[in-house]
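Here is a briefing on one protein model. It covers a sheet, a pair of domains and a ligand site, in that order.

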Amino acid sequence: MSSPPLTPPITQEVHVWQWDLDACGSDFDRYWATLSAQEHERAGNFRFELHRRRYVSGRGKLRQILGRYLARAPRAVALEYGPEGKPFCTSQPAGWRICFNLSHSENTAALAISSGFEVGIDVERIRPIDESMPLQVFSAREREQFDAFPASERQTVFFETWARKEASLKALGTGFVLPPEHFEFDLAVHGDTTPRFVGGEAAEASHWCIRTLSPGPACAAAVAARHSGWSIIDMN
Ligand SMILES: CC(C)(COP(=O)(O)OP(=O)(O)OC[C@H]1O[C@@H](n2cnc3c(N)ncnc32)[C@H](O)[C@@H]1OP(=O)(O)O)[C@@H](O)C(=O)NCCC(=O)NCCS
């Protein structure tokens with residue numbers, strides 16, 4: 001049975017889908033059949049079966065959801081890639097510009113869908129941090145703020161900030177080709193926010209909006225876009 005069609009998000013919305021990559025069960029073969037030759041080849045390159053299955057579940061579900069917005073069979077959804085590997089969809093009706101971004105951390109997947117503006121999403125499993133990580137992720141100003149937090153709060157603050165930065169870099173499509181300090185945040189602000197600086201510019205930062213997601217107690221997650229006044233619509 002095919003799933004019902006979906007209406008694309010309006011300009012004040014970002015649709016967010018979340019799923020468990022390990023729970024696709026009998027859907028696996030159906031997902032596999034919808035993947036492109038390039039995706040089959042990539043799936044074949046994973047060393048571990050668990051990672052191969054998660055990749056197929058991620059791409060399979062992505063194609064299924066995009067197909068519902070675009071009124072196309074999942075296999076007919078055409079994906080291409082930006083210069084730093086950000087996938088985008090080319091098989092769209094005239095005048096449409098559905099944008100999307102996918103993130104996965106272990107078995108948790110999250111997909112953001114917007115219309116007319118680029119979006120980025122990041123899910124991070126909260127795990128122990130070692131001494132070198134803050135040095136790699138924070139600007140000098142952020143580092144100073146981070147060091148002032150009590151030790152008991154640092155892990156949460158670290159992953160909240162990391163998710164904001166990675167979601168923003170994924171919205172740009174550069175990923176970590178740009179350094180994480182390209183987006184600089186006020187670490188004292190929890191939840192939805194705007195960066196303090198983007199590329200050192202406060203004026204550019206004011207165009208950005210970063211929203212927090214709660215995929216579960218063991219994860220930090222954020223959705224980012226250079227677009228104001230939008231809200232997350234939970235599609236689960
Ligand atoms: C983008 C990036 C931050 C993602 O890191 P990650 O640890 O895999 O994080 P996530 O799980 O959140 O994101 C992965 C998904 O983001 C999407 N993605 C890949 N490259 C992307 C980019 N440049 N910008 C935005 N999204 C991207 C893909 O959908 C990918 O999942 P899929 O391949 O299973 O479909 C990281 O790969 C990066 O910095 N890439 C750019 C630099 C680079 O390696 N360039 C060479 C490739 S051409």
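Arg 211 has Val 223 in β10 as its bridge partner. This is a predicted model: local features need pLDDT of at least 70, side-chain atom pairs count only at pLDDT 80 or more, and totals for chains, interfaces and linings use all residues. Residues are numbered from 1 along each chain as its sequence is written.

**The sheet**

- β9 and β10 (residues 219-225) run antiparallel and are joined by five bridges.
- Strands count as paired if DSSP finds at least two bridges between them.
- Helices (H or I, at least four residues) and strands (E, at least two) are DSSP runs, numbered from the N terminus.
- The sheet is open and has three strands, in the order β6-β10-β9, with antiparallel pairing.
- β6 (120-125) and β9 (209-213) stand at the edges with a single partner strand each, so one side of each has no neighbour in the sheet.
- On average, neighbouring strands of this sheet are turned by 20 degrees against each other, direction ignored.
- α6 packs on the sheet and touches β6, β9 and β10. The direction of α6 makes about 150 degrees with that of β6.
- Contact here means C-beta atoms, placed from the backbone, within 7 Å.
- Axes are lines fitted to C-alpha atoms, for helices over the stretch in contact; angles run from 0 to 180 degrees between N-to-C directions.

**The two domains**

- The chain is divided into domain 1 (13-119) and domain 2 (121-234). These bounds come from an automatic or database domain assignment.
- The C-alpha centres of domain 1 and domain 2 lie 24 Å apart.
- Domain 1 puts 20 residues into the contact, and domain 2 puts in 25 residues.
- On the domain 1 side, β1 (13-20), β4 and β5 (108-115) are the elements that give two or more residues.
- β1 has the largest share of that side, with five residues.
- That side of domain 1 divides into six nonpolar, nine polar and five charged residues.
- Nonpolar means Ala, Val, Leu, Ile, Met, Phe, Trp, Tyr, Cys and Pro; charged means Asp, Glu, Lys and Arg; the others, Gly among them, are polar.

**The ligand site**

- The ligand is surrounded by 18 residues, and the closest are Gly 85, Lys 86, Ser 103, Gly 175 and Phe 176. A residue is near a molecule if its C-beta atom, placed from the backbone, lies within 6 Å of it.
- At least two shell residues come from each of α3 (49-70), β4 (98-105) and α6 (151-172).
- β4 gives the most to this shell, four residues.
- Five residues of the shell are nonpolar, seven are polar and six are charged.
- Domain 1 and domain 2 both give residues to the shell around the ligand, so the ligand lies between them.

Terms used. Contact = placed C-beta atoms within 7 Å.
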